[in-house]
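I opened my notebook today to look up a few things in a new structure. Come and read along with me.

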Amino acid sequence: MSTSDRGAPPARSPNPPRQSPPLLEIEELRVTFGRTAAVRGASFSLEKGETHCVVGESGCGKSVTALAVMGLLARGARREAARLEFAGQDLRALSERQLSALRGDRMAMIFQEPMTSLNPAYTVGSQMAEVFTRHRGGSRRAALDRAADLLARVGITAPGMRLGQFPHQLSGGLRQRVMIAMALMCDPELLIADEPTTALDVTVQAQILRLLAELQRDLGLGILLITHDLGIVARIADRVSVMYAGEVVESAPTAALFAAPSHPYTRGLLACVPVPGKVKREEALGSIPGMVPRIPPGFTGCAFRDRCDHAAPECAGAVPRQQAGAHEVLCRLPPGWAA
Amino acid sequence: MTPAIEVRGLCRSFRQRGGLLGQDRTVVAVDDVSFTLAGGGVLGVVGESGCGKSTLARIILGLLPPTAGEVLVEGRRLAAMDRRARARLIQPVFQDPFASLNPRRRIRDIVAMPLVAQGDIPARQVADRAAEMLARVGLSAEQAERYPAQLSGGQRQRVAIARALVLRPRIVICDEPTSALDVSVQAQILNLLAELRRELNLTYLFISHNLAVVEHVATEVAVMYLGRIVERATADALFRAPQHPYTKALLASVLTPEPGLGVPDVGLGETLPDPANIPPACRFHPRCPVAEPRCATTTPHAIMTAGGAAECLLLEGAGKP
Ligand SMILES: Nc1ncnc2c1ncn2[C@@H]1O[C@H](COP(=O)(O)OP(=O)(O)OP(=O)(O)O)[C@@H](O)[C@H]1O
Ligand SMILES: Nc1ncnc2c1ncn2[C@@H]1O[C@H](COP(=O)(O)OP(=O)(O)OP(=O)(O)O)[C@@H](O)[C@H]1O
Ligand code: SF4
Ligand SMILES: [Mg+2]
Ligand SMILES: [Mg+2]
């Protein structure tokens, strides 16, 4: 199995001897909203300095997973997990006060919708400075200097002027960059970024992804990045998890995933995107017929089976999670079927 | 042959209400743009956010008057045309189908609306043609009875496409038609648009942020920068051998799904342009990685390239003023 090209995360054997616990360890996470199962037994782990990307179609549970880790699920949501640990600390055992002390400080999140974490009533500067002084103390002046510095690093011109503006005075792209800068105020150890660059131009996107890579190298930042963009995944992830209908259907080191995508859903996703430089204009793109199903309570078997070309009667029963080294696939097909 | 779209010297500026200091600013969104697009072609329009793509689209659709210049669609001036005739000629498909579909109407009525608005099509024929178009874009008779909120994003975009095509227009202006969709749904919509173009011999103006998508659908590409088309070429030439430094940077920023290559620094610097304050001479010179001193003083003209034209002084050769 090939390993990542960018700095080696510790090798993953079933029971690795560890000096320090992973930065984030999620096992068998389940989140339900009434009769909707949004996340159904998802497991992820993230080491310090590592980038783990989560991909999958709309509604497959990516954002809910992120919110579950941050303890920010909507009222009425039910969260269960076999394990939910940040740097060895059980997140479920923390009080709301202890959690808020972590959030924005050691673990930060960039939300999919920027306005959910920007307060329309305060200027950009006061919100950014508040995050810093709340967790780290110090003067407001020093916090504002740091804010201006970070705004410049995410490519915002005249940062001093922007600090004095209100969120509604900024374009969508600027707001998204403010959010990113705000998440970085306290030099977090863990950054959960939910579609952080979707509203941005490719040129700005490249700049922000380079900034994240730099922080990772310099500070050992661990990043859980949610995205639709397989190009971003290929370029920055150490490891990729593909979600479908609330489950992780495939997870592998990035090079392995792109070299040998093994779940029919992953293969379908990859066939859908035109690859620059390799497009065949007269040919149709691959596509996955049908839609993500709604999962009723008590559902069993592979959730992809209605859309899968390889579905067989046994796909309605329990489907094995097959493992080859660090490459995991939730499918009945034998390893190497696609080769 | 008369081009499907001919645009001459198009300009559009906007007054924007003052920012912090309360002064009004004039934003030049489209600045002296000219091009022709032959019938049956697909012109992809790319460029950074705010460079004027949607403004150009709205002017061509007749939804926004230009400050200067003119647009001919199949040789005719839209402004002089009756609304119903215009609707039979050119139609839009926008990014957010939800915003443009009336939430209180059933899908079949939404798609029938353009036919009804023509005023002279018998009710029977309206219903038949709407049903036929809905089937053509892959929506069932049962889905036709629903309301927009009861459909997925991809299904709503199919409705928007059916509504745009039900009058059998010749030209469709697509402004980010798949940007809000999942990659799987995007592929379905792009395939559908390609099929319909072949079948109905349509001409598309196709705006997108996604260069890979444009490479897939377009026959020609226009690259906009701060209101101007700085390079225009056949899709083959543009993607194989971009000529303008901005086009090169844009293409180099595209992250192909190839693991291990990292994220390139394309040398555009960190300063984004301000459309209210367009740099003199070559408008790209403050960010251009290969700019020379003359780029800040001399305005480049369009120079013929292998597959089209580009506005860059370096293409005009060394030593010329
Ligand atoms: N507050 C809520 N109440 C009820 N259901 C919810 C709530 N939040 C999310 N869901 C449901 O949970 C499922 C997963 O949603 P989630 O937002 O995690 O999707 P996602 O993978 O982030 O999709 P996208 O790519 O569109 O952001 C969806 O079916 C969604 O409708
Ligand atoms: N109605 C308007 N009033 C004032 N300014 C406007 C108006 N419409 C557009 N502009 C300005 O004109 C410029 C071009 O906008 P336009 O929407 O055409 O860009 P775009 O290339 O479509 O961008 P995007 O990729 O973000 O959609 C921007 O600076 C925008 O702020
Ligand atoms: S004219 Fe000069 S500044 Fe403009 S793109 Fe060419 S080299 Fe760059
Ligand atoms: Mg989400
Ligand atoms: Mg636009």
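I began with a term: a residue is buried under 20% relative accessible area, exposed over 50% and partly exposed in between, using a 1.4 Å probe and the protein chains only. I noted that the model is predicted, that local features need pLDDT of at least 70, that side-chain atom pairs count only at pLDDT 80 or more, and that totals for chains, interfaces and linings use all residues. Residues are numbered from 1 along each chain as its sequence is written, chains are lettered from A and ligands numbered from 1 in the order in which they are written, and side-chain values use heavy atoms, without hydrogens and water.

**Entry: rings**

Rings of Phe, Tyr and Trp (its six-membered ring) pair if their centres lie within 6.5 Å; planes under 30 degrees apart are stacked, over 60 edge-to-face, and the rest tilted.

I looked at A:Tyr265 and A:Phe304, an edge-to-face pair with 5.3 Å between centres and 65° between planes. A:Tyr265 is in helix 10 (residues 264-272) of chain A and A:Phe304 in the loop between helix 10 and strand 12 (321-324), so the pair ties together parts 39 residues apart in sequence. Helices (H or I, at least four residues) and strands (E, at least two) are DSSP runs, numbered from the N terminus. Both A:Tyr265 and A:Phe304 are buried.

Next I checked B:Tyr225 and B:Phe284, which pair edge-to-face at 5.0 Å centre to centre and 75° between the planes. Is B:Phe284 buried or exposed? B:Phe284 has a relative accessible area of 1%, so I wrote down "buried". B:Tyr225 counts as buried too, because its relative accessibility is 2%.

**Entry: helix 1 of chain B**

How many of the eight residues of helix 1 (residues 53-60) of chain B are buried? Six are, so the helix is largely enclosed by the rest of the structure. Among them I listed B:Leu56, B:Ile59 and B:Ile60. After helix 1 of chain B comes B:Gly62, with a positive phi near 80°.
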